[in-house]
Amino acid sequence: MGIDFETIMKLKNVMDKMNSKDDPRSKLLTSLKPYLKENKKNKIDQYIQFLNISRVMEMFSKSNGDDK
């Protein structure tokens, strides 16, 4: 089908980054959730998703040689 082992490993790395709980920014946002109203808690979850997506995009830009 044209998917080699290297591509599978890259996808695995992307998924690991998206599911990682090691980002200090995400930890900080998560720690604030108990002190917020419900509608703000939902916003926190969205911000964490944005952070995860930005890390994945960063990975792609580095793998393409765009080290800026």
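Predicted model: local features only at pLDDT ≥ 70, side-chain atom pairs only at ≥ 80, totals over all residues.
A residue is taken as buried when its relative accessible area is under 20%, as exposed when that area is over 50%, and as partly exposed in between.

The secondary structure of the protein consists of three helices and zero strands, and the order of elements read along the sequence is α-α-α. Of the 68 residues of the protein, 15% count as buried, while the accessible surface comes to about 5900 Å², with 59% of that surface belonging to carbon and sulfur atoms. Among the contacts in the protein with a separation of 6 or more, 58% are accounted for by residues 24 or more positions apart. Lysine 10 itself is found in helix α1, which covers residues 5–19, and is partly exposed, with a relative accessibility of 47%.

Helix α2, formed by residues 24–32, contains serine 26. Serine 26 has a relative accessibility of 7% and therefore counts as buried, the cut-off for this class being under 20%. When neighbours within four places in sequence are left aside, serine 26 is in contact with Ile48, Leu51 and Asn52.

Three salt bridges are present in the structure. In general terms, side chains of opposite charge can pair when their charged atoms come close. In one of the salt bridges, the side chains of arginine 25 and aspartate 23 meet at 3.3 Å, taken from N to O. Arginine 25 is partly exposed at 43% relative accessibility, whereas aspartate 23, with a relative accessible area of 7%, is buried. In another, the side chains of lysine 33 and aspartate 45 meet with an N to O distance of 2.7 Å. This pair links distant parts of the chain, since lysine 33 belongs to the loop between α2 and α3 and aspartate 45 to helix α3, the two being twelve residues apart.

Glutamate 38 counts as exposed, because its relative accessibility of 54% is over the 50% cut-off.

The surface also carries a nonpolar patch of about 610 Å², made by Met15, Met18, Tyr47, Phe50, Ile53 and Met57. The elements that give two or more residues to this patch are α1 and α3, the latter comprising residues 38–63. Helix α3 gives the most to the patch, with four residues. Tyrosine 47, one of the residues that make the patch, is placed in helix α3 and is partly exposed, with a relative accessible area of 42%.

Conventions
Residues numbered from 1 in each chain as written. Heavy atoms only, no water. Buried < 20%, exposed > 50% of the residue type's maximum accessible area, 1.4 Å probe, protein only. Contact = heavy atoms within 4.5 Å. Patch = residues over 30% accessible without salt bridge, like charges linked within 9 Å, V, L, I, M, F, W, Y side chains within 5 Å. Areas by Shrake-Rupley, 256 points an atom, 1.4 Å probe, with all protein chains shown as cover. Salt bridge = Lys/Arg side-chain N within 4 Å of Asp/Glu carboxyl O.
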